[in-house]
Structures are given as C-alpha cells and as structure tokens.
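Hi,

Here is the structure we talked about. Please load it and read the notes below alongside.

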Amino acid sequence: MMPAHQQGPEVSVAAEDNSHERPDSVERQTRTNGLKPKACNNCRQQKLRCELTKLDTPSSNACSRCQRLELDCRVDDTFKRTRKRKISAELEQEINKLKRQLSVYEGNVVTDSAAPAVPDPAALSLAEGVGLHGDKDRSANEDPEDLSDPLTNRIFSTTVPGGMSPDSPDGSCLPGATTIPKSGLLDSGSTSRGKVIASRNLRDIELSSDVINDLFRIYFSHYHAYLPFLDPGVSPAQYYDNSTLLFWSIISVASRRYQSDPTLLTRLARAVTDLLWKSLQTIPHSLGVIQSLVLLCTWPFPTSSSTTDPTYMLSGMIIQLSIQMGLHRPRSPLDFTKFRVKLSPREIEERQRAWIAGNVVTQSISFGVGLPTPAQLCDWSIVASSLEGSWIDEDLHAHLRCASTCNRISQALTSNASDPTGLLSTRERVPLYTIFKQEIVDLENSRVWTTANTAFYLHVVKLHLHAFYLLDDPPALGYLERIITLYSTATAMIEHVRDRDSQSHGFLQFCPLFCYEAFLCAAFILLKVVKNDYFAAIIDAGLGKKLINFSVSALRKMSVANNDLPGRLSDVLAYLWTHPNPSILGGSGIDGLQLKVRSRMSMSVVYDSLWRWREQFRTEVESAESQDLNNDAAATAGLSEGFDNAFDLTELNGIYLDDLQMDWFA
C-alpha cells in the first residue's frame, strides 16, 4: 500500500474531476426533464439506442457510438431516415455508371472532344456534382411513362441491373437482351442522321472523317449487295452513336481491300476483336452486337489456320442472342421485356432484317465447315412469315430461301441415328435426292435469277445436294449418272464465277467467306473427278483442266492477307493438280472416288482431299530426310522437276511446317 501522504493528491484530483462532472449531469438531467430525448442522426438511421439527449450538445460532446466510429454526431430536426435498400440501389446505379465509363476508357474508345456525339449522363452527373439526392429529386419530377429521351430514361435488363454493353459507350443505344430500345438506327427523329462524322479513335488507330466516309462508301458499294440487311441511308455518325462495335465492324469489312492504307486491316484485327469479346462478355447485349456478329462472320478477319477461327462459334451466338432478344418475334416486343414499349414500323423492319441475316449467315457458315447448324433453334417458319412487306430486299429473300433449302437437305440426309457418321444409307438417300431435286427446280422457277449474287446462291444449293453423291456406294443404281451430274454442277459454278469475274472484276475481291468455301468445294470436286482415270474418259477433261487452273488463280485473288486460308489452299490445290501421281486424289476405276472422310456432309470432299495431301506430303518429307545429305539437293530437284515452277515446294509459305498437325479446317 502507498503511504497516506502519497494518496492524498490523487484522491483530491479525482474528487475535483467529479466535481466538474456533476454540474453537467445536473444540467443534462434538467434539460431532459423538460424536453423529449433526441438521438443523433447516425443512431436514428441505424435504429440504435443513443445516450445523447441534448438538442444543443456541442460538437465535442458526441455519443459513444459516434466517438468509436469517428462519425459526426449531430441532431437535426429535419433529418429523415432513408431506407437501406434505396441507398444500396442508388449506390449500385452510380457504380454501374462508373463501370461503364471505365470499360470505355480501358478500350480506348474515345469520342472526339471537339465534336462529341451524345453526352453520357453519368459523365454529366459527375461533372455537375450531382449526388444521389440530386438524382432522386430529378427522377421524382419526371414522368415515369415518358421514354422519349434515351439519355435520361434507360431500360435495363432484369438479369443484370444497370448493365450495358460497351459497344454503345454514349448510352444512346439501349441494351436489348430483355428490353426493346425506344430509338434505333431507323428513327427518323434522330439528330445524328445529318451530322457530319468526326475523326474517331480505337486504341492507336485514328481515322479522319474523310477516311471514314470513304470506307462507308466502299462497304455499301461493294460488300452490301452480298447481304443487304443494313440501311445505306444511315450516316456514319449515327452508326457510331448507336453502336461503336457496329461502326468499327463496318470499317473493318471495308478495309479488306483499302488501297489507301493497306495496313489498316491488320491494325484493326486485334482492336476490333478485343472490342467484340468485351461486348459479348457484358450482358445485356444490344441489337448492334447482333448486327456486328453478322458482319464479322460474313467477312471474318483473315487467319492462317481454321483452328483459330471462331466464326462457327460466333454464328451460333447470333441465333442464341437473337432469340433471347426476341428478334424471332419482331412484332411481339412486350413478350421479352417487362416495360411498356412500342416499336415503330421501321424499327420492326430493322429487327426483322437482322433476324433474317443472322439465319442466313449461320446456315451458310455451317455449310462451309461441313457441320450441323450450331443453334438448332432456327425458326424458319417465323422467318418466312416475317417476309410480309414490300421492304424486304429481293436478294436477301432469295438468299434466305437458298439457305433454308440447304438446311433441310443437311438435316434430311444426315438423320440416321444408327450410323456413326449420321448418314442415311445409299438406298434411303436416293429417293430424297429426287425430292430435293424437284424442290430446287421449283425454287429456280419461282423467280428470275438475273442478279449474279442470287444466281451464285442457287449454284450453292445444287452443289450442296449433289456433293452427297460422292458418299454413295459405287454399285448403287444410277451412281455413274449422279457423278456426271455432280461434275456438271461444279463446272457450272466455277464457270459462273469466271464469267462474273471477267465482267465486273469484283466478285473474287469482295465475296463473303461462304462463297470462297463453296468455290473451294467445287474446285476439289473437279480435281478429284478429272484425276480419276475412269471418269476422265467420260467427261470433258479439257474443260475441267482449264477450270482447275482458273480456280488456283481465283483462290489467290480471294486472298486478303499473306498466308491466309485462301492463299494457302490455292497452293494445296496446285500441289495436288501438278503432282505426277493422279491416283493420290482421284484413285483408280469407278471405285476410286470413295471418300475416307465422311462426317463433313457436302464438304467431306474438301477435308478428304486435305487429308490425302497431308499423307502424301508427309511421306515425301520423310523420304527426303532419310537420304544422304549429299544427295538431298538432287533428290529435291528431281521431285519438283515435273511441277510448274510457280508451285515449287519451297514457295508454299511454310504450310508443311505446321499443317502436318492436322489443323486444316479442324
């Protein structure tokens, strides 16, 4: 224990402190007896007990909770408690606005500050310092039924509140996964229709207004006719304001043959692809995303290997996203949104064209790779019913009917569940051949196929059916006649392309991907039949040889970039054509046309030819490596002595280095 003389001062200090506290306690008790106790604003918001009962408490005298949390302890008579759920919704809305702005800046999609398009409401609210209460007061004064201004009234998906695809950074094109935009590209009241486009940037790519206008002119002059589903009357500025992704997709397609800047396509490939994937991973999606997918699947960026080509996968997403948005029911938008929406006739037409074009592209790509349609939700009856109106382009209508016929042929001839490849037996396929031949005749007689594009689509339908003849058994009745018919069909297609190229000099440069794939199928059919000794004596082999030579040069004209698939396949075709051993591809006798690859439907002949080329090339490479180094040069020279110098093995751009890994059209 401490001595008494040491305890005295401490006790006296404590007593002095207590003496200072008593008057305050007495004063607090006095005021409490006369007034109703008040809690501070923070405790009232949380519905917690507060020991603060004075109305005029100094700021230094705070309740224990505010002191512990370092909060401003105040008592305000005008304070009203706000619900937590409402605060969370407002904060979430503000966060989503900032996320959308951040996604735009991360993609470096910068709007020209000198001539901005439509201002972002999130940016306006941040610039003006409008907080949550400002947004609340503004929304309280607005009419909830007024949806005329897409900048202040946004309809969001029920799945991701506040989400927006980054393909529309300015917010003028509303998301459309489960909603319907109030104003679209065809809105006659849009202020962007007559606006002059400003320079635009995507990453380090900057395009002036003159270049943008020139590229849009090229697209609608040379590419639009192959798939006429966009409106040529919409200005580039309006396309950009409604969908950044669609704007850059049009620019990418037009830059494929842009002589003023040959490097533009290469620079756009990575930037636009990244923008596409960023748009797809952000839900909900807008109509511009669907239209962009249609363009980028019809004219994809060049690639040197089919294993890295996502076109087939993206074509399936076109149908899935379209159905999710309700494009297959364009006149029933209320079935796919919880909001009251009324579309104008022109907006309905825009959605109908997008749905039709998506189905056409999906089926065309499936034909080109020899695989079933990736989305088995294609509602052809709804597509046919959507053709009620004079606005439908006749070429688009013809393309749709041809794609529909190809789809039915594929499903009917590959519906055998007991066969590993899904093919019906030859005996079962022969009656179906007759039925579909008559259907093609009716299709041909239903209209005048004067347009070069639509005539080519009709050739594709015939080739798609007749290419199945190579999968028939040689002893079957009528096998010889069917092979001769197949040869005539392939000859007619290549002659059509040759005649059109000699007249317009534009088909080979601007044709879509599926046209190249159909032309490649016809070229390999010609090559296979001409190389067969049995059929070479029956058909017009001289004409076939001329058309094969033209096919090699035509594929090289279709090539967009060095070492892309059309350029490499032209070398493969030339290698097989100039090889001294005709049995490699054509075999011998009437049985020599049998295919080893039988699971790729009408494109099986292409994959079978590539498989034979790999095997032959691998054998030659292994044989050359086994010889002595001193005789290696002489052996190589002897091997290529019988070939055309233009097709020398040393000039095949290295296709034998990586494509022995079986990645051609895998």
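What does the accessible surface of the protein chain come to, and how much of it belongs to carbon and sulfur atoms? The surface comes to about 31000 Å². Carbon and sulfur atoms account for 53% of it. Areas are from the Shrake-Rupley method with a 1.4 Å probe, and for residues only the protein chains shown count as cover.

Some ground rules. This is a predicted model, in which local features need pLDDT of at least 70 and side-chain atom pairs count only at pLDDT 80 or more, while totals for chains, interfaces and linings use all residues. Residues are numbered from 1 along each chain as its sequence is written, and side-chain values use heavy atoms, leaving out hydrogens and water.

Overall fold

The protein chain has 27 helices and 3 strands. These are DSSP runs, numbered from the N terminus: helices are H or I with at least four residues, strands are E with at least two. Of the 666 residues, 50% are buried. Buried means under 20% relative accessible area, exposed means over 50%, and partly exposed lies in between (1.4 Å probe, protein chains only). Take contacts (heavy atoms within 4.5 Å) between residues at least 6 apart in sequence: 73% of them join residues at least 24 apart.

Aromatics

There are 18 aromatic pairs. The rule takes rings of Phe, Tyr and Trp (its six-membered ring) with centres within 6.5 Å; planes under 30 degrees apart are stacked, over 60 edge-to-face, the rest tilted. One of the pairs is Phe 216 with Tyr 239, tilted, at 5.8 Å centre to centre and 40° between the planes. It links helix α7 (residues 209–223) to helix α8 (residues 236–242), with Phe 216 and Tyr 239 23 residues apart. Both Phe 216 and Tyr 239 are buried. Tyr 219 and Trp 299 pair edge-to-face, at 6.4 Å and 80°. Tyr 219 is also in helix α7, while Trp 299 sits in the loop between α11 (287–298) and α12 (311–325), 80 residues away. Tyr 219 is buried at 0% relative accessible area, and Trp 299 is buried at 3%.

Tyr 240 has the charged end of Arg 200 over its ring, 4.0 Å from the centre. The test is NZ of Lys or CZ of Arg within 6 Å of the ring centre and within 35 degrees of the ring normal.

Salt bridges

The count is 16, taking a side-chain nitrogen of Lys or Arg within 4 Å of a carboxyl oxygen of Asp or Glu. Arg 556 and Asp 571 form one, with the closest N and O atoms 2.9 Å apart. Arg 556 is in helix α22 (residues 541–558) and Asp 571 in helix α23 (residues 565–578), so the bridge ties together parts 15 residues apart in sequence. Arg 556 is partly exposed at 35%; Asp 571 is buried at 7%. Asp 274 meets Arg 270 at 3.6 Å, N to O.

Cysteines

How many disulfides are there? The count is 0, with a cut-off of 2.5 Å between cysteine sulfur atoms. For Cys 43, the closest cysteine sulfur is in Cys 40, at 3.4 Å, so it is too far for a bond. For Cys 515, the closest is in Cys 511, at 5.3 Å, also too far.

Best wishes
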